[in-house]
Amino acid sequence: MLKLTLNVNGAGRSVTVSDTNMPLLWVLRDIIGLTGTKYGCGVGQCGACTVHIRGRAARACQVPVQNAVNGPIVTIE
């Protein structure tokens, strides 16, 4: 288990994950409990899981959580 700190919607969130390659979508929904970001296609085409990371749109189903550690994440919430 690995402990990471994410900046989500302006707040620091500590999360524990078993794999740093876990998609950011599942960390947001299942670990943090922010369910506004939706699962759609799972391959980054539909856009249902779009969040902003460091000010740029990203498909959360395709971004490993380790890639989002250093930047602020903004969700639909």
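Beyond its neighbours within four places in sequence, threonine 37 makes contact with Leu25, Leu28, Arg29, Ala48, Cys49, Val51, Ala60, Thr75, Ile76 and Glu77. This is a predicted model, so please read each value here as computed from it. Threonine 37 sits in the loop that links α1 and β3.

Not counting residues up to four places away in sequence, alanine 58 touches Cys49, Thr50, Val51, Ile53 and Val63. From alanine 58 to glycine 40 there are 18 residues in sequence, and the C-alpha to C-alpha separation in space is 14 Å.

Here are the two residues side by side.

Now to strand β3 and its partners. One face of β3 is covered, with Val51 and Ile53, while Thr50 and His52 make up the uncovered face. Which strands pair with β3? β4 runs antiparallel to β3 and is joined to it by 4 bridges. Within this pairing, isoleucine 53 stands opposite arginine 56 of β4. The two strands form a hairpin with 2 residues between them, and arginine 54 in the turn has a positive phi of about 55°. Strand β5 (residues 72-74) also pairs with β3 in the antiparallel sense, over 2 bridges. There, histidine 52 has valine 74 of β5 as its bridge partner.

Finally, the nonpolar core. The largest one holds 21 residues, and the members that touch the most others are Leu6, Leu24, Ile32, Ile53 and Ile73. Two or more residues come from each of β1 (2-8), β2 (11-17), α1 (24-32) and β3 (50-53). Which of these elements gives the most to this core? That is α1, with 5 residues.

Leucine 6 is worth a visit in your viewer. Apart from neighbours within four places in sequence, leucine 6 is in contact with Ala11, Gly12, Arg13, Val15, Leu24, Val27, Ile32, Val65, Ala68, Val69 and Ile73.

Conventions
Residues numbered from 1 in each chain as written. Predicted model: local features only at pLDDT ≥ 70, side-chain atom pairs only at ≥ 80, totals over all residues. Heavy atoms only, no water. Contact = heavy atoms within 4.5 Å. Core = buried A, V, L, I, M, F, W, Y, C linked by side-chain atoms within 4.5 Å. Buried < 20%, exposed > 50% of the residue type's maximum accessible area, 1.4 Å probe, protein only. Pairing = 2+ DSSP bridges.
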